[in-house]
Amino acid sequence: MTTAEFQLDPIVPFLFVASKKEEMLAALRRLKQEAGIKKFILVFPQWNGESKLPTAVHAFEKFGDLIQEVRQHLAEDGIEVGWWCSPSLSVGPQPLNEQEHPFQKIISIDGAASRTANCPLDKKYIKLLSGYVQTVVERGRPPFVFFEDDYEISNHDVVKFGCFCPLHLGRFSQQMGLSKDLSREELEAIFRRGDELSVDYRKAWARLMKDSLVELASEVRTAVDEVAPQTRLALCQPGSCDFDGELTEAVARAFAGSTRPLVRLFGSDYNSDVANNFPGLSFHFLYSKQTLSGDLELIHESDPYPHSRFFFSAAKLRSLMTLAMFYGLDGSQTYVTQYTDGPLEEEGYFTMVGQSKAFFSGLRRSVADFEMAGPRILYRPFAHAYRPIAGNQGPFIVAPAWASVLGRFGIPYSIKSEAGPVMVCGEEILDLSKDELMELFKGGVFLDGLAAFYLCKNGYGDLIGAEVTNLESTLSDSIGYERLTELTPWREHTAGERMYYTNLTVTVHQESNVFQIGGLNESTQVLSEFVDEFDQVVAPSTVLFTNRLGGRVAINAYNLQVNDSASVYNYKRKEQFRGIIEWLGGTNLPVYAAAKHPNVFVSAQEHKESGDKMVAIFNMSLDPMPQVTLMVDAAWKKNYVYRLNDDGTWVLIHERVWEQKEENKYALSIAHACSTLQPLVLRFSEHTI
């Protein structure tokens, strides 16, 4: 299917209750008729039942037969039926005696054994899973099989950092060329040290986790090829994909065999209808889209678990799907049914999909050959190797804090942008080589306090214009508030000098929340500072510096990854950060949310050849915006402004006002309301569409 022909064709998981066959078939037909949904994956096995008994193979045989029967019933309706293998590494019989596991269980860093998840290196388990999958595919002939996102190592019941079983310990010791196998206790001690050897070992360990999952996927693929080489095996990308060795592409290709690799990217929220977490929630699927190879088919995890609007609105689901299409994803695994014997009891989701398919399809067709615009957020999938381990938890972060900060401030961001500054927080900076750091310092870079702290520890203080250290408790206790200095020129829509600040945000986490900026270069500019209750300066909070390489550097004292307080999210900070980013890049932002609207997420793209620009706006506040006002760079100002209509067509906006604010910057006001999570997609062009 070409981009011009693209039609959203969502794939819907469906729990088929065999005892109510006619009702289930009727529900599938209704979804086709009312929402245009024609691809389904039947859910099996469930977390218990016959699939967990010693006779589990018979359950898989019966399920394969059920898929074939359902496919035959629905063939004339133009409905495709596949299989969702859920869960995957927990498939198979469970022992009656917990001490007599039939397979090697995944073992956590602290020695705890998973109650359900099996080690992918266990040859008995490899044979079992491969046989089960082959059985279902041979009997059911599903066109596609999805492996649920428990196809991972480091996220199973009691295991959050694994697998430290004898099989993995032996393989690791062999790969590292050690004279004897390390014990779990010995490896744990090395991992917790945090030195150079620890980092090297943790990266090698993560790659071993990936390799073991690739091996299992390859064996499953081989088994399927014996009976149906055309069947597509797809990976549901797990949240720990990068912590487990950046596994996504390698595992997807192993599952795919000779078919096109297919990946469902994670990027949803469970048990939550919160709106303002949207920018961080969606960061990783943008990262995946911009970094994975172009031949992979990438679809979005459009999952409003637990599949009821008591917990997750159809509006939030629609917004996530809109952003997925705006980013150019190829489709959606959309959960519109409940896992009950009344699957269509919740009508809100499939009604929304049916009403929005034209909108989604038109949007996805429109973004072909567009490129993301805005400052680049640095994300390094192996940065976790530098983070301290807390207990048995894998210290993985899939969205740098800058995603939330820029998103809530209405500033668009990208992953691979060559233009504009780079936003860096925390341990991401430690994963850069010396050459990469030098290139970074030649351009514009915005550091949070933790990233700057690490740079100073490693001897780069002269290139960032300050020495950043831990904040002493006597100083943190003396801070009364934070204020802007006279050097801060960016104050639009703000009042006064005093930044919103509560000392509690420092004292609760004083060693990790705020860092002390000192030892300033004589040319370093202080934009804001911490002061005590007597208005005496305690320490700078935000500084700017131009280094000897000609690069521009900004530092904010907060560890942004652990601070989402009002000390970060306030109106003065919004203007301060926006101005700093433009200073760092030496140019205007292409577009950003103007005025005082809080929590307005803006994403932007441009077409290099035609010059067209596209902007997606998401109001994450519960307060409606009666009209939309954007600040737009002069190069983005176009004669025609269009809005994407619900039917997927572009409608010219007549009620718009361009007002020049600076020499190269315009305010665009559009008389169009933007309600909570009701996306507004705009297109700027010099020609009619």
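Q: How do the axes of helix α1 (residues 21-35) and helix α2 (residues 56-74) cross, and within what distance do they come?
A: In this predicted model, the axes of α1 and α2 come within 11 Å and cross at roughly 50°.

Q: Why is α1 called oblique to α2?
A: Angles under 35 degrees count as roughly parallel, 65 to 115 as roughly perpendicular and over 145 as roughly antiparallel, with the rest oblique; the crossing of α1 and α2 is at roughly 50°, and that makes α1 oblique to α2. The crossing in which α1 passes α2 is right-handed.

Q: What makes the contact between α1 and α2, and how do its residues divide by class?
A: On α1 the contact is made by Lys21, Leu25, Leu28 and Arg29, and on α2 by Glu69, Val70, His73 and Leu74. These residues divide into four nonpolar, one polar and three charged; Leu and Val count as nonpolar, and Lys, Arg and Glu as charged.

Q: Why is α10 called roughly parallel to α11?
A: The axes of α10 and α11 cross at roughly 20° and come within 10 Å. Since angles under 35 degrees count as roughly parallel, α10 is roughly parallel to α11. The crossing of α10 and α11 is right-handed.

Q: Which residues of α10 and α11 meet, and what classes do they belong to?
A: Ala314, Leu317, Arg318, Met321, Thr322, Met325 and Phe326 in α10 meet Gly348, Tyr349, Met352, Ser356, Phe359, Phe360, Leu363 and Arg364 in α11. By class, the contact has ten nonpolar, three polar and two charged residues.

Q: What makes β11 and β27 edge strands of their sheet?
A: Six strands form this open sheet in the order β11-β23-β24-β30-β26-β27, with antiparallel pairing. Both β11 (371-373) and β27 (650-652) have a single partner strand, so one side of each is left without a neighbour in the sheet. Neighbouring strands of this sheet are turned by 30° against each other on average, direction ignored.

Q: How do you know that β24 and β30 are paired, and in what sense?
A: Two strands pair if there are at least two bridges between them, and strand β24 (residues 613-619) and strand β30 (residues 680-685) pair over five bridges, in the antiparallel sense. Lys613, for example, has Phe684 in β30 as its bridge partner.

Q: Which helices pack on this sheet, and which strands do they touch?
A: Helix α10 (residues 314-326) packs on the sheet and touches β23 (600-606), β24 and β30, its direction making about 165° with that of β24. Helix α11 (residues 348-366) also packs on the sheet, where it touches β24, β26 (640-644), β27 and β30, and its direction makes about 35° with that of β30.

Q: What makes β22 and β28 the edge strands of the sheet of four strands?
A: This open sheet has the order β22-β25-β29-β28, with antiparallel pairing, and β22 (591-593) and β28 (656-662) each pair on one side only. The twist averages 25° from one strand to the next. Within this sheet, strand β25 (residues 628-633) and strand β29 (residues 665-670) pair in the antiparallel sense over six bridges, and Leu630 stands opposite Leu668 in β29.

Q: Why is the protein chain called as compact as a globular protein of its length?
A: The secondary structure of the chain comes to 18 helices and 30 strands. Its radius of gyration is 27 Å, close to the 26 Å that the globule rule gives for 689 residues, so the chain is as compact as a globular protein of that length. Along its principal axes the C-alpha trace spans about 75 × 70 × 40 Å.

Conventions:
Residues are numbered from 1 along each chain as its sequence is written. This is a predicted model: local features need pLDDT of at least 70, side-chain atom pairs count only at pLDDT 80 or more; totals for chains, interfaces and linings use all residues. Side-chain values use heavy atoms; hydrogens and water are left out. Axes are lines fitted to C-alpha atoms, for helices over the stretch in contact, and angles run from 0 to 180 degrees between N-to-C directions. Helices (H or I, at least four residues) and strands (E, at least two) are DSSP runs, numbered from the N terminus. A crossing is left-handed if the near helix is turned anticlockwise from the far one by less than a right angle, and right-handed if clockwise. Contact means heavy atoms within 4.5 Å. The radius of gyration is taken over C-alpha atoms; the globule rule is 2.2 Å times the number of residues to the power 0.38.
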